[in-house]
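Subject: Structure handover and notes

Dear colleague,

Please keep the two side by side as you read.

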Amino acid sequence: MVPELQRIPRRSPYLSFATLLLIGVEACQTDGGRVVTNIDDRAMVTFERPLCRGNIAQIEETMAHVEDNLDVQVQSPIEITLWSRYADVADHCWEGALGCYRDGEIHTLWYGLEHEIVHAVAGPLGRPEPLWIEGIAEALSGRTHDGEVDVGSLVGLEDGRDVEYSTAGHFTRWLLEEYGVEGIRDLARESSFEDTYGMELGDAGADYETNAPWSYPHWNPCRGERLDPTLEGEWVHDIVVDCDDPWSSAEYESGPTVLRTIDIEDPGTYRLFVTGVRMVGAIACQLETLVEPPAADVAGSIVQESSGAVLPTFFLSDQAYEIPLEQGRVQWGFTVEGEAETVEFELRRIGP
């Protein structure tokens, strides 16, 4: 839990109706105070406030990515309702759900948005067994890593909630990487595994268990504008955080977030100091396939482990931090209070 900072006077932290029109979308407010944003005739998104420019781009790119991979086009707008609380998603899905696609509608937290978009785009193609419904959604929506169960244990399940997502997604991604996208397209259209790949699923599962890498990267890894070093091992930048930034998000109620990336070439200890933010998040980016899992003594999630960023990964304004960083790319998310703020960001290498 990030401690609350002293709040500054609140202004509207999001885009105006006029600004939304300028970037090619249309928004209107519902009777309940939520905002509906129509995105290029393929999606109608409802949230507590207008989406930021970066949210809109992410949804457009995700839909195009799924359409291209599955060789399908969205025929009517997908109804997407974004929520900030698990309880709201549970009211429309089930307890503990990150999101769901039901009766032509998506209800989801931000974290599950891309997964549910895959379901919505693929839905008209057919209804294969849950292994492939969830496997395709995981494989096309993000990073996958080796799961906890045997592939064979997922065959014949009747309810998607019984699927172990990590194994289903990683196995499906392995099939895509090894045999091409055509097989995934056939599975989405209810073709049998044997007809699609000309072999028994058990044989493919055995090959997967022996030869699959531990983790594949996200299909669109590490979003955000790249910050160039101002000196060797040093980044000092003023960053304007507002909803019109190409890498912005309206996810947090306090104000918008923007994303930036930094390439660390010289591993070591770095001093971080930021002013003008509510919080800063740091995530190391997995850009390549990982054949083996990272060392067990590396803290944090695989996204952090893959490039060496260690906890804490959330930082507060006007406090100095010393953080070890390995070689690789790190994504920074700057969240502010209010409509737009200029953030002062300093990162300097100070030791080995």
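Predicted model: local features only at pLDDT ≥ 70, side-chain atom pairs only at ≥ 80, totals over all residues.

Residues are numbered from 1 along each chain as its sequence is written, and side-chain values use heavy atoms, with hydrogens and water left out.

**The whole chain**

The secondary structure of the protein comes to 10 helices and 18 strands; helices (H or I, at least four residues) and strands (E, at least two) are DSSP runs, numbered from the N terminus. Of the 352 residues in the protein, 50% are buried, where buried means under 20% relative accessible area, exposed means over 50%, and partly exposed is in between (1.4 Å probe, protein chains only). The protein exposes about 16700 Å², and carbon and sulfur atoms supply 47% of that area; accessible areas come from the Shrake-Rupley method with a 1.4 Å probe, and for residues only the protein chains shown count as cover. If one takes the contacts (heavy atoms within 4.5 Å) between residues at least 6 apart in sequence, 70% of them join residues at least 24 apart.

**Salt bridges**

Side chains of opposite charge can pair when their charged atoms come close. A salt bridge here is a side-chain nitrogen of Lys or Arg within 4 Å of a carboxyl oxygen of Asp or Glu, and a search of the whole structure finds 16 of them.

In one of these salt bridges, R260 is paired with D245, and their closest N and O atoms are 2.8 Å apart. This pair links distant parts of the chain, since R260 is in strand β12 (residues 257-264) and D245 is in the loop between β10 (234-241) and β11 (248-249), 15 residues apart. R260 counts as buried because its relative accessible area is 5%, and D245 is also buried, with a relative accessible area of 9%.

Another salt bridge joins the side chains of D266 and R349, at 3.2 Å from N to O. D266 lies in the loop between β12 and β13 (268-275) and R349 in strand β18 (residues 341-351), so this pair ties together parts that are 83 residues apart in sequence. D266 is partly exposed, with a relative accessible area of 36%, and R349 is partly exposed as well, at 32%.

E346 and R348 also form a salt bridge, with 2.9 Å between the closest N and O atoms. Here E346 is partly exposed, with a relative accessible area of 21%, and R348 is partly exposed, at 29%. Salt bridges that share partners, moreover, join R226, D228, D263 and R329 into one network.

**Surface patches**

Patches are made of residues with over 30% relative accessible area and no salt bridge, with like charges joined within 9 Å and nonpolar side chains (Val, Leu, Ile, Met, Phe, Trp, Tyr) within 5 Å. Which residues make the nonpolar surface patch of about 380 Å²? The patch is made by Y86, L98 and Y111. Y86 has its place in helix α3 (residues 86-92), and it counts as exposed because its relative accessibility is 52%. Leaving aside residues up to four places away in sequence, Y86 touches A97, L98 and L109. Y86 and L109 are 23 residues apart in sequence, and their C-alpha atoms are 7.3 Å apart in space.

A negative surface patch is formed by E194, D195, E200 and D203. D203 is found in helix α9 (residues 201-211), and its relative accessibility of 52% is why D203 counts as exposed.

**Two backbone angles**

D71 is a residue other than glycine with a positive phi, near 55°. D71 is placed in the loop between α2 (53-70) and β4 (78-83), and it counts as exposed at 53% relative accessibility. D318, which is not a glycine either, has a positive phi of about 65°, and D318 is found in the loop between β15 (314-315) and β16 (320-325).

Definitions and conventions: Lys, Arg positive; Asp, Glu negative; His and termini not counted. Charge placed at Lys NZ, Arg CZ, Asp CG, Glu CD.
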